[in-house]
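Let's take a friendly walk through this protein model together. Have the sequence and the 3D view open as you read.

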Amino acid sequence: MPYRRSSLMEERLADNRLRILKSARALVAEGGFRQASITAVAARAGLSTGAIYRYFPAKADLFVEVLNSAVDYEVAMLQKIADGKGDVGTRLRAAVRSFVSRAVEGPNLAYAFIAEPADLEVEAARLICRERFGEVFKQLLREGIAANVLPAQSIDVGAACIVGAFTEALVRPITPNAKREASKALIEGIVEFCARAVGAAKAS
């Protein structure tokens, strides 16, 4: 008879995995990937380092999952704004502002997910994440062009440029040891640049 895990064992395994992910995310938020060593994650989760490797064969696997989990949340937030009320320009600005504001408030986490030097697996995951952000802005661009409130343009290029602009503009401000000042001006500057780039009317 093949071995089957009990429901209690399945719950324990799932709980351990969740603890590992939460611990890794907390450490990344405190000091980036550089602070989230396997030893540190294990200590935070109350597990052995060997236990971590049973769930995540390599540190990059853990970081990719932490990244994807965070991006799931970010995409859901952006999608909610994109599907909300208001004209396209207002929603586009609100979506950019939402992402940028959270990045400024949590610079270590944002730097890890945008620009911190990392393994190739993490770099590849970042590209996919940017594409996911881009899909939300493609939706807004399609709607705006169809309603004649945005000029005709390449939807793929426009969405990629919006995501590229706000992520690149964040790199210096969220870099470790960067001065944390004038965040409102920074945020609104990025928001308005992205809106102008795709031809959105000035905010009223």
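**Rings that pair up**

The count of aromatic pairs comes to 5, where the rule is that rings of Phe, Tyr and Trp (its six-membered ring) pair if their centres lie within 6.5 Å, with planes under 30 degrees apart called stacked, over 60 edge-to-face and the rest tilted. Take F33 and F63: their ring centres are 4.4 Å apart and their planes are at 20°, so this pair is stacked. F33 sits in the loop between α1 (7-31) and α2 (38-45) and F63 in helix α4 (residues 59-82), so the pair ties together parts that are 30 residues apart in sequence. Helices here are DSSP runs (H or I, at least four residues), as strands are (E, at least two), numbered from the N terminus.

A word on the source: this is a predicted model, in which local features need pLDDT of at least 70 and side-chain atom pairs count only at pLDDT 80 or more, while totals for chains, interfaces and linings use all residues. Residues are numbered from 1 along each chain as its sequence is written, and side-chain values use heavy atoms, with hydrogens and water left out.

Next, look at F99 and F133, an edge-to-face pair with 5.1 Å from centre to centre and 70° between the planes. This pair links distant parts of the chain, 34 residues apart: F99 is in helix α5 (residues 88-105) and F133 in helix α7 (residues 120-146). F99 is buried at 9% relative accessibility, and F133 is buried at 6%. Ring pairs also join F99 and F133 with F137 and F166 in a cluster.

Now turn to the largest pocket, which holds about 330 Å³ of space. A pocket, on a 1 Å grid over the protein atoms alone, is an open set of points where a 1.4 Å probe fits, with protein on both sides within 12 Å along at least five of seven lines; lining residues have an atom within 4 Å of a point. The volume is the space filled by probe spheres set on the points, which are joined across faces, edges and corners. Of its 19 lining residues, E74, F99, L109, A110 and F113 lie nearest the centre of the largest pocket. α4 gives the most to this lining, with 5 residues.

Technical notes: Buried means under 20% relative accessible area, exposed over 50%, partly exposed in between (1.4 Å probe, protein chains only).
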